[in-house]
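Hello,

Here is the structure I promised to pass on to you. Have a look at it first, and then read on for my notes.

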Amino acid sequence: MRYNKNAVASGVALAVAMTALSAHAQQAPAQRQQQLDDVQVTANRLPQSQTDVLASTTIIDRAEIERSQADSVVELLQNRAGIELTQSGPAGTVSSLFMRGTNSNHTLVLVDGVRINSAASSNGASSLEFLDPATIERIEIVRGPRAAAYGADAIGGVIQIFTRQGGEGTHGELNLRAGENSLGKQSAHLSTGNADTRLNATLFHRDGNGFNATEADTSGERDGYQARGAQVGLSHRFSDTVDGSVQALRQDFDSEYDSFGASDYTSEGYQQSFSGDLNIALEPTWTMRLTAGHFDERRDDRNAGIRQTLAKTKRDELGLQHTFLHDNGVESLGIDYRHDAIDYDSTFDTIDRDSRDNYGAYGLIQRQYGRHQLSGSLRYDDDSLFGDETTGNVAYAYQLTAYQQLGASYGTAYKAPTLYQLYSAYGNTDLDAEKSKSTELFWAYDRDGWRARVSVFENRIDDLLNTELGSDGLYRYYNVDEARIRGVELSGSWTSGGLTLSATLTRQDPENRETGDQLARRAELYGRIDADYRYQAVSIGMTLRGSQERPDSDYSDTINAGYGVVDLRTAWQITPTVELSAKLENAFDKDYQLVDGYYTQDRYLEGGVKLSF
């Protein structure tokens, strides 16, 4: 188990505000970067080598983000192991993420440790479509229940997005890109710092006409998307035992979309998040972390200029965590507080209650005894509207050889009803929480550039929320459904010289146990292959992503056909400071739909230049 005092101190800071590099200023830059690449903090809210985490995880680092030339987080995550995404049209339209076959609101999404799931939407999911890759340093994906660490919402897993960070010296880059459909994207990043203080800032803007979102719109109009924003981060080491940081992210958006048979819908608003932490080494083996965060989202949806819904979410979070390091493991104890508030105005309904509070306490213990590795966690939550809930997770792994690991885990999780589901005109104050019990068996291999993992999982979810037509003619929420999701995930990667290969394949059976039907918009088989090769100053790459057919909804017999899409990319480092790049999405112009009646991107060409110093 690769625990060490420096990794714990830096990883704890990284979990909320990415201060790991400042915590290791005395180390060589190459060594610091190697540690950062291997540290994974999301699974258990503490730093661990990725190979020591007894959960299925994926890290998408800055190098991969730049190499992929992805336009959005939706594009970065699409068809990764255990992940399916849908989007109702071009960039900026509503997206839904299904992790390991669970619902779109069963995955907790964090930005620098702050949850960004909406409190004012009908299902409480997060708006991934508005997050711009220009502001992102890395993404950590953890599959499987993590409620014992985070509380509500983490039934399918957790996705944590860390924003850009600073380093020693002064560095900057300017990215200019242009593509079809009048797309223009610009971003600038600047960082400066020394061994104790780091400062960085990112500005970004994009504007494009998009494409017609739905086949029901015969006018030929395009659904465009505009976004602009900024990200700032500051970290400082006050002494050998105290460091802290603050992060801020703001993005304004204005998107056009088609809905309810109308083609003149718009959604404009903003998302912003702020986080900060203070890390104190009380003893060489005892670290205390204080955290604070705020999330703010506003969405104004209009039809032909007439407001349909104005939804605002505000969330404040506080946390205190103590971590104790031992020769053969680690323990962590923490408490946290969260306050959600909404402001909701709609022509369709109202919400009678506008706030809630949640108090949580959690603990984790991990130990290694020879070839045996054990992990256990327990959490208690008290929600002011829903009540209390206790969740837990236990995992065991056996080191078969120096490179192979065999393990098993069991965890429970839950999702409390949102304010909308409880108190809107469609709500039901008698709703129970959705609860899950999940088991997983896995085999993992890591040696000389080869990585592989096979995970077999089952997740049983009780009291799933659904809607039914009431006597007043309104569809109301109620608890009725039971789902059972069984599956196998295969993932592997190989790096040698300038060649990087990775592949994932997920086979699952997402079943509604009440009806025997396959869960909507979830395929039984999907996967992704990425291949990139770099020779001297030139790189080329390819992504193949595909899926079997999927039922479109619970209310129709429509089946969305399977698809396979190939994306191509290339880059040329002309000089140390100038790079040209281009990509061709959907290279074979595949015609497919992720949501019935909504178009996806046809063949699309984009290119750009990056200037760095």
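Let me begin with a loop: Asp589 sits between strand 32 and strand 33 (604–612). Please keep in mind throughout that this is a predicted model. Asp589 has a positive phi of about 55°, although it is not a glycine.

You will find Ala304 in the loop that links strand 16 and strand 17.

**Cavities**

How many cavities of 30 Å³ or more does the structure hold? The count is 13. The largest cavity has a volume of about 660 Å³. Its lining is made up of 39 residues, and those closest to the centre are Gln87, Pro90, Ala91, Glu585 and Gln601. Several elements each supply at least two lining residues: helix 5 (73–77), strand 4 (83–87), strand 12 (197–211), strand 13 (223–237) and strand 31 (563–575). Strand 12 gives the largest share, with five residues. Sorted by class, this lining has 15 nonpolar, 14 polar and ten charged residues.

Which element makes the largest contribution to the lining of the second largest cavity? That is strand 17, with five residues. In terms of class, the lining divides into eleven nonpolar, seven polar and eight charged residues.

**A nonpolar patch on the surface**

On the outside, have a look at Tyr533, Tyr535, Val538, Ile540, Trp572, Ile574 and Leu580, which form a nonpolar patch with about 660 Å² of accessible area together. Strand 27 (525–535), strand 28 (538–547) and strand 31 each give two or more residues to the patch. Strand 31 also takes part in lining the largest cavity. Leu580 belongs to strand 32, which covers residues 578–585. Is Leu580 buried, partly exposed or exposed? Its relative accessible area is 34%, so Leu580 counts as partly exposed.

**Two buried loop residues**

Ala523 is found between strand 26 (499–512) and strand 27, and it is buried, with a relative accessible area of 0%. Between Ala523 and Thr418 there are 105 residues in sequence, and their C-alpha atoms are 27 Å apart in space.

Leu131 lies in the loop between strand 7 and strand 8 (136–143). Leu131 has a relative accessibility of 5%, so it counts as buried. Leu131 and Arg250 are 119 residues apart along the chain, with 9.7 Å separating their C-alpha atoms.

Happy browsing, and best wishes

Methods: Residues are numbered from 1 along each chain as its sequence is written. This is a predicted model: local features need pLDDT of at least 70, side-chain atom pairs count only at pLDDT 80 or more; totals for chains, interfaces and linings use all residues. Side-chain values use heavy atoms; hydrogens and water are left out. On a 1 Å grid over the protein atoms alone, a cavity is a set of points where a 1.4 Å probe fits but cannot get out, and a pocket is an open set with protein on both sides within 12 Å along at least five of seven lines; lining residues have an atom within 4 Å of a point. Grid points are joined across faces, edges and corners, and a volume is the space filled by probe spheres set on the points. Helices (H or I, at least four residues) and strands (E, at least two) are DSSP runs, numbered from the N terminus. Ala, Val, Leu, Ile, Met, Phe, Trp, Tyr, Cys and Pro count as nonpolar, Asp, Glu, Lys and Arg as charged, and the others, Gly among them, as polar. Patches are made of residues with over 30% relative accessible area and no salt bridge: like charges are joined within 9 Å, nonpolar side chains (Val, Leu, Ile, Met, Phe, Trp, Tyr) within 5 Å. Accessible areas come from the Shrake-Rupley method with a 1.4 Å probe; for residues, only the protein chains shown count as cover. A salt bridge is a side-chain nitrogen of Lys or Arg within 4 Å of a carboxyl oxygen of Asp or Glu. Buried means under 20% relative accessible area, exposed over 50%, partly exposed in between (1.4 Å probe, protein chains only).
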